[in-house]
Amino acid sequence: MTEQKYPIGQYPNLPPPKNSVGVVAWLRDSLFSNWFNTLLTILAIYIVIKTIPGLLDWAFFSADWVGTSRDDCSREGACWVFINVWFDQLMYGRFPEDQVWRIQASYIIAIAAAIPLFIPAVSRKIKTALALFLLVLFPIICFYLYYGGSFGLEVVETTLWGGLFLTLVIAVTGIVMSLPLGILLALGRRSNMPVVKSVCIVFIEFWRGIPLITVLFMASVMFPLFVPEELSPDKLIRALIGVTLFSSAYMAEVVRGGLQAIPKGQYEAAAALGLNYWKSMLLIILPQALKMVIPGIVNTFIGLFKDTTLVLIIGLFDLLGMAQLAATNPNWLGFSIEGYVFAALGFFVFCFTMSRYSQSLERRLNTGHRN
Amino acid sequence: MSENSQRELSEEVVIQLKQMHKWYGEFHVLKDINLEVKKGERIVVCGPSGSGKSTMIRCINRLEEHQQGQIIVNGIELTSDVKNIEEVRREVGMCFQHFNLFPHLTILENLTLAPMWVRKIPKAEAEATAMHYLERVKIPDQANKYPGQLSGGQQQRVAIARSLCMKPKIMLFDEPTSALDPEMIAEVLDVMVTLAEEGMTMICVTHEMGFARKVADRVIFMDAGQVIEENNPHDFFEKPENERTKLFLSQILGH
């Protein structure tokens, strides 16, 4: 029998044993917890040692950074001269060089209006005003800035739009339009009204059932065959509508998943307090449902962002399209790897940002228990 | 013991169920329910699980739809007319077994949401009312927390306060204490007793027989979708008439 060290009921809180916390404990638990994990750790270290130095050498140490033509590249490492020379095209496509300021101006407006949204100290009223500006006024400003035709700006046909700029136009339009549309479709699919419900089901299943390439191809090739040319909107607009409808169908199913996860009691409590359908959806159900499916929503956004590369097949040149186009230029044959790496980095930056933002949003909106 | 059964009641009938029937698909859950509740009356509904008691009170604010008969609340008949349903729900508060607080809103926001959006009361006034009721349920200090941070008993008291903020004429309680730990049941019952003493018209589905003895004007016993017995608490507990009632009482009071 051990001796009673403390009076009954007064046992103090002792620190945990030394070897269960700290760096050593972490190493042991995560990397060397058993023989199999130890083997995997060693294997991983081996692979890292074998690949990373070569990669670094290619991308940085042996790479060529300055110059104006392919002759400036030694070809021992990456030829970033290629990216340098084509940078403007990769960013803005064939947008006239002296008009590029219009795109840059829109970026600056967007960033300036968006930054306060992420500062906690800014009041709610200002944030709401800025968000409304970004969602309503800003797209209109962008349209006049990009396309021109009034306010003394010359018209820049959409066929000249390209590069990262085009990627952003398609992705942002798709993202901003598909979320509300997806929410409406999801609510419609759960509606008690048979007509609304069946229309939504048919819409969702139709758009989910066909590949995006088909949608884009139809929009650009088939559409003009049936609709007279005067009535047919611009090719880019057709692509935008196609992308939006396509991703709204996916969005609808993600949101529906969230709606189904809300306990019936929440609907009942809202109803019992006298809230009507729209109020209970907007105030009670959707805030919870959307919060729950943030990962799914952002997943759809990221998917949509990368799917914009498919507009290449209807003759629009986004970031990846421009990279490919540049690599097929007779003066620059053989630099497709640099082009792809650059495009991949570009996509990664945006997708990773969305992913991180969604995680911080989840943490911020977490209010503990969900019922 | 049941001194309240002799209480003078107003003659005004606020809830009326006439030959009401309800089916879930083929299943006949409620059979020929007839009930009249006068203003200020406190009714306790008990019975074994599956007897339809929750379904019955959920019909009164039409969380469940009845298929036959009439339900008239505050002079408004419940039909599929959405306007009527919303009007009834504004005047009828309800507390649920699982509280059903809105987890994404603070306690204060839970309490002010319906007054602001349904009754169009200005925010400051709604908050003042909310704090008043939070004080009455003795948790004003929790106003800025989220429901997930409160104990079950506190959550249920918030739920009661949330209903009261709408200034309802009638309160429905659907097994308000059956999801609570024994230690927390008393704090919720206390709030309900106070409410009863202030003259609120209440229908409570509950297994708390002590509460029934203390505050009920009438106890209704249901089984298999029918009202089996209906009496003042004294006679209900001391001389139940129906065999089914006797069995039920012996089971819940027997130990």
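How many salt bridges are there between domain 1 of chain A and domain 2 of chain A?

A: In this predicted model, the count between domain 1 of chain A and domain 2 of chain A is 0 salt bridges, while 2 residue pairs are found in polar contact across the interface, both at pLDDT 80 or more. On the side of domain 1 that touches domain 2, α3 and α6 of chain A each supply at least two residues, and the largest share, 4 residues, comes from α6(A). The residues of that side divide into 9 nonpolar, no polar and 2 charged.

The domain assignment places residues 77–95 + 160–365 in domain 1 and residues 96–155 in domain 2, and the contact takes 11 residues from each of them. Their centres, taken over C-alpha atoms, are separated by 20 Å. Together the domains bury about 1000 Å², of which 79% lies on carbon and sulfur atoms, and Tyr92(A), Phe95(A) and Phe165(A) supply 59% of the area that domain 1 buries against domain 2, more than any other three residues.

Helix α3 of chain A, residues 81–92, has Tyr92(A) among its buried residues, along with others including Phe82(A), Trp86(A) and Leu90(A). What covers the buried residues of α3(A) includes α4 (100–114), α6 (163–189), α13 (319–327) and α14 of chain A. Just after α3(A), Gly93(A) takes a positive phi of about 70°.

Definitions and conventions: Residues numbered from 1 in each chain as written. Chains lettered and ligands numbered in written order. Predicted model: local features only at pLDDT ≥ 70, side-chain atom pairs only at ≥ 80, totals over all residues. Heavy atoms only, no water. Buried < 20%, exposed > 50% of the residue type's maximum accessible area, 1.4 Å probe, protein only. Contact = heavy atoms within 4.5 Å. Domains from an automatic or database assignment. Buried area = accessible area lost by both parts, 1.4 Å probe. Salt bridge = Lys/Arg side-chain N within 4 Å of Asp/Glu carboxyl O. Polar contact = N/O pair within 3.5 Å; in protein donor to acceptor, adjacent residues only side chain to side chain. Nonpolar A, V, L, I, M, F, W, Y, C, P; charged D, E, K, R; others polar.
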